Amino acid sequence: MTYFHTAISVCALIAGASLALTTTSANELLESVEHMTGIFDDGQEWQLSVPADWNGVLVNDLDSVGNVENASDRATFFLENGYAYTGTRRHPDRGYNWDPQAESDNMVRVLDIFEENFDTPTHTIQFGCSGGGSVGLSVAEDHADRFDGVISMHASTPVELANMRLDLSVALKALLDPDGDLPLIIEDGQQTEAEDAWLAALEEAQATPEGRARMALAAAVAQYPMWGSQNQPQAEKPDWDDPQSVQDAMVRAAVDGLRRAVTGRPMWDQPAGLMSWTTDVDYQRFYENASPMQREMVGQMYEAAGLGGEDAILADIDKINAFPRIAATEAGVDYFRGRTHSGNIGIPVLHMSNIGDGGTPAAVMAGYVAKIGQEGTQDLYRQAFIDAAGHCTFNLAELAASVDTIIERIETGEWNTSPEAMNEAGEASGLGGARFIALDDNTGFRLPDPFNRAFFHDDEVPGLVAE
């Protein structure tokens, strides 16, 4: 079969027919594929799964180990529709000793093993969500000679997301517990105690209009979404024409955002030292960069709580600016400086997120847009947004549409990422409805411009502490 005929057959499989997804047990799925497993010398597990009717496309995933063995919807979708599905499990010490570069390099090691044991794929796609999405961005920059395209969901650049989360934590601490014991920076093993303490404080704050208003202000300062969640049950979409509904959503977004902001610190800080900072940050300017709709809602909440108008908001921002500053360590920043994203991608990247992600806000994608612009790689890059809450809560129709879209870009050189086109592709899959949307005033979300915490490889960081 020639390359041309293979390409046509792959497109036909996705766009011209409904994709199958049956109820498959783990044993049934494993028995239906050729399955290989192993462990790299650094301790990271890997697996290869190849269906008998392999269509020539390989989908590689940081999180594939476990998905296949448990017959997750993701693995079942890929394997039952003819894709080879390969990849790894996250490294066992990733929660406190994260090395993004090693993860990216191990994706190539998986591909090497695959080609040694099977064949060279017609198309090789790096897929992933959350940490897997971040690895996808790294692969597009580091290993464009081995992969053909990337589907990156809910991805972020470490320093940007860690700083964004620190802004939320510091703002809430300054407004709700300036002299108390609520922790901002924790070590591995302290997550449960820290989360419980913060949840108790936030529950108390939510019980008063004043506390709710200040929680909404903190989220706006940190460019968190008006609607967002990470924990179950996911937040219901607010009625954007109902102020009370929107305000409830803003408070929930602050709660879920804070939970992840504090409990995720060891992953950032323990590899080499504290890598986030508030040194020289002007939180008044940060608030000015919040969306106009979000600032309007904060103003309404302050007025309704009896706190006052704009002067009261500015006075509270002064409290945030007056809070003791946090300085990053030179070693911590340098560790991630050498492992940060650049935007210098060499293959097509489809970068996706729910607009209601309360843990890794879609706003962080603005930082990658800035990098793409600096590198001039816009033709290889597109974004897509899903009208849903939660982190990595995409459905199968959206997964099918993303695969359709990236293969079309690989084969034709053309992007077709309009919400209408991607929803149509999702519908054609026969797997339900997709929820792709355009960002406008009816969604309650826009990518921030400017993004408060954009970070580039050669940026100077004020007040670094030598260790």
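Predicted model: local features only at pLDDT ≥ 70, side-chain atom pairs only at ≥ 80, totals over all residues.
Helix α7 is formed by residues 158-176 and contains 19 residues. From the first C-alpha to the last, helix α7 reaches 27 Å, close to the 27 Å expected at 1.5 Å a residue. Helix α7 is also mostly covered, as 18 of its 19 residues are buried.

One packing partner of α7 is helix α9. The axes of α7 and α9 are 8 Å apart, and the two helices pack at an angle of about 150 degrees. Since angles over 145 degrees count as roughly antiparallel, α7 is therefore roughly antiparallel to α9. The crossing of this pair is right-handed. On the α7 side, the contact is made by Leu168, Ala171, Leu172, Leu175 and Leu176; on the α9 side, Arg214, Met215, Leu217, Ala218 and Ala219 take part. By class, the contact of α7 with α9 comprises nine nonpolar residues, no polar residues and one charged residue. In general, an α-helix has 3.6 residues a turn, so residues three or four places apart point the same way.

Helix α9, spanning residues 209-221, also packs with helix α10, spanning residues 243-263. Their axes come within 9 Å and cross at roughly 65 degrees, which means that α9 is roughly perpendicular to α10. Here α9 passes α10 in a left-handed crossing. The contact is made by Arg212, Met215, Ala216 and Ala219 of α9, together with Gln244, Gln247, Asp248, Met250, Val251, Ala254 and Val255 of α10. Seven nonpolar, two polar and two charged residues make up the contact of α9 with α10. Met215 and Ala219 of α9 are listed in the contact with α7 and in the contact with α10.

The loop between α9 and α10 contains Ala235. Is Ala235 buried or exposed? With a relative accessible area of 12%, Ala235 is buried. When residues up to four places away in sequence are not counted, Ala235 touches Trp227, Gly228, Ser229, Arg252 and Ala389. Ala235 and Asp357 are separated by 122 residues in sequence, while their C-alpha atoms are 9.7 Å apart in space.

Methods:
Residues numbered from 1 in each chain as written. Heavy atoms only, no water. Helix = DSSP H or I, 4+ residues; strand = E, 2+ residues; numbered from the N terminus. Expected span 1.5 Å × (residues − 1). Buried < 20%, exposed > 50% of the residue type's maximum accessible area, 1.4 Å probe, protein only. Axes fitted to C-alpha atoms, helices over the stretch in contact; angles between N-to-C directions. Parallel < 35°, antiparallel > 145°, perpendicular 65-115°, else oblique. Left-handed = near helix turned anticlockwise from the far one by under 90°. Contact = heavy atoms within 4.5 Å. Nonpolar A, V, L, I, M, F, W, Y, C, P; charged D, E, K, R; others polar.
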